[in-house]
Amino acid sequence: MPTNENQQKSSSLRGFEPYVTSKGEEYMSENMRKHFTFILNNWKQALMQEVDRTVDHMKDEAANFPDPADRASQEEEFSLELRARDRERKLIKKIDKTLQLIEDEEYGWCESCGVEIGVKRLEARPTADLCIDCKTLAEIKEKQVGK
Ligand SMILES: [Zn+2]
């Protein structure tokens, strides 16, 4: 499935070393904030490149298939790609919001209960705005509403 592959590629975070907290360093120190700004900017750039690449690719390939069956499968492929791009655009917005939080020095605390989200969790999920407990709870609620 090409969509899954794309999703994995764009959500994988490359090019950073896990943050090592120095002795006595307070949570979300300036260095820590720089670390996450770096990660988020890298991620955002990778996503934006992905979006550009797809647009080029679709321009190149559009209307290259005279056979209607080929065209149909091409359209299906495009619509899958467009949906993936839509997800990426939303993610980019979320990253921008997160970068603003870092600037306001409000990044890294749970939006719901106020505890520290933690460096490890944030490195795995830099746009997380809930601690693991609140996130789990929110997911359970979401499932109940969904059914
Ligand atoms: Zn919480």
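**Reading the rings and the metal site**

Mentor: Let's begin with Trp 109, which is partly exposed at a relative accessible area of 32%. Buried means under 20%, exposed over 50%, and partly exposed in between, using a 1.4 Å probe and protein chains only. This is a predicted model, where local features need pLDDT of at least 70, side-chain atom pairs count only at pLDDT 80 or more, and totals for chains, interfaces and linings use all residues. Residues are numbered from 1 along each chain as its sequence is written, and side-chain values use heavy atoms, leaving out hydrogens and water.

Trainee: Is Tyr 27 buried or exposed?
Mentor: Tyr 27 counts as buried, at 14% relative accessibility.

Trainee: How do I read an aromatic pair?
Mentor: You describe two aromatic rings by the distance of their centres and the angle of their planes. Rings of Phe, Tyr and Trp (its six-membered ring) pair with centres within 6.5 Å; planes under 30 degrees apart are stacked, over 60 edge-to-face, the rest tilted. The whole structure holds two such pairs. One of them joins Tyr 27 and Trp 109 edge-to-face, with 5.1 Å between centres and 90 degrees between planes.

Trainee: And how do I read the zinc site?
Mentor: Donors are N, O and S atoms within 2.8 Å of the metal (3.2 Å for Na, K and Ca); water is not among the atoms, so sites may look incomplete. Here the SG atoms of Cys 110, Cys 113, Cys 131 and Cys 134 coordinate the zinc ion at 2.3 Å. Their spacing in sequence is C-x2-C-x17-C-x2-C.

Trainee: Are Cys 131 and Cys 134 buried or exposed?
Mentor: Cys 131 is buried at 7% relative accessible area, and Cys 134 is buried at 14%.
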